[in-house]
Amino acid sequence: MKKFVVAAVGLLALSVSSASAADLGPRMVTKAPPMYPVVYNWTGFYVGLNGGGGWARKAWDLQSATTLAFLPESSHTLSGGVVGGQIGYRWQLSPSWVVGLEAQGDWARLTGSGVSAIPGLVDNSQVNAFGLFTGQVGYAFNNWLLYAKGGAAVVGDKYWHNNLAGFTVDTTTETRWGGVVGAGIEYGFLPNWSVALEYDHLFMGTRTLGFTNVNGAIGNTDRIKQDVDLLTARVNYRFDWGGPVVARY
């Protein structure tokens with residue numbers, strides 16, 4: 001009798017357990033939320049330094065004192081080093097497209113000379129400084145950025161004639177405005193640091209300048225055409241104000 005009671009109790013417990021499990025229904029499986037990759041963030045205010053080299057071409061035309069016509073005087077190439085800084089802001093519109101604004105200022109020492117058509121004189125040109133004010137559009141491959149730029153350029157120039165003994169005969173200076181186009185490739189090697197290589201071409205046009213001799217009197221008048229090419233390496237620090245960019249597919 002005792003064995004029968006124990007067996008009955010066990011059977012009843014098994015039935016209750018099976019019924020409870022059946023009432024629970026199928027087990028709910030919780031699906032993990034999708035994972036979106038976080039790409040490199042180009043948005044934000046940045047400052048940086050740059051340095052490299054530049055080349056310029058100067059074509060001098062001398063104005064005749066009698067006919068006032070401009071006649072070729074000399075053409076020569078300038079070269080030298082540049083160093084300066086840049087400041088700007090970029091907006092990353094999507095994981096791929098980036099736009100921005102930038103101002104750049106550099107000290108320069110591009111110099112060159114050519115033999116003048118005026119007997120016994122040498123024409124000398126020097127670019128002392130330049131500034132660039134540009135807009136940018138770029139295409140990002142995560143932490144790589146290819147970009148193009150364009151806008152306004154300004155240069156500070158100095159010109160002078162010297163005789164064959166090396167003494168200055170007359171001189172003039174100018175600040176000239178023109179345009180610039182350029183392109184670069186930039187690599188973000190840390191979340192806020194990047195390095196870049198950039199090429200720029202400056203279209204500075206033609207301008208007529210009067211020279212002053214050593215006695216302060218007006219000397220020759222020249223029409224001078226110039227353009228400038230720049231190749232610079234850059235390093236930028238971006239302030240992390242934009243937050244991460246998340247790629248959604």
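## Basis

This is a predicted model, in which local features need pLDDT of at least 70 and side-chain atom pairs count only at pLDDT 80 or more, while totals for chains, interfaces and linings use all residues. Residues are numbered from 1 along each chain as its sequence is written, and side-chain values use heavy atoms, with hydrogens and water left out.

## The cavity

A search of the whole structure finds one cavity of 30 Å³ or more, and the largest cavity holds about 60 Å³ of space. A cavity is a set of points, on a 1 Å grid over the protein atoms alone, where a 1.4 Å probe fits but cannot get out, and its lining residues have an atom within 4 Å of a point; the volume is the space filled by probe spheres set on the points, which are joined across faces, edges and corners.

Among the residues that line the largest cavity are Tyr40, Asn192, Asn236 and Arg238.

## Asn192

Asn192, one of the lining residues of the largest cavity, is buried at a relative accessible area of 18% (buried means under 20%, with a 1.4 Å probe and protein chains only). The side chain of Asn192 reaches the backbone oxygen of Arg238 at 2.8 Å.

## His76

His76 is likewise buried, with 7% relative accessibility. The C-alpha atoms of His76 and Val115 lie 8.7 Å apart in space, although the two residues are 39 apart in sequence.

Notes. Buried < 20%, exposed > 50% of the residue type's maximum accessible area, 1.4 Å probe, protein only. Polar contact = N/O pair within 3.5 Å; in protein donor to acceptor, adjacent residues only side chain to side chain. 1 Å grid on protein atoms, 1.4 Å probe; cavity = no way out; pocket = protein on both sides within 12 Å on 5 of 7 lines; lining within 4 Å.
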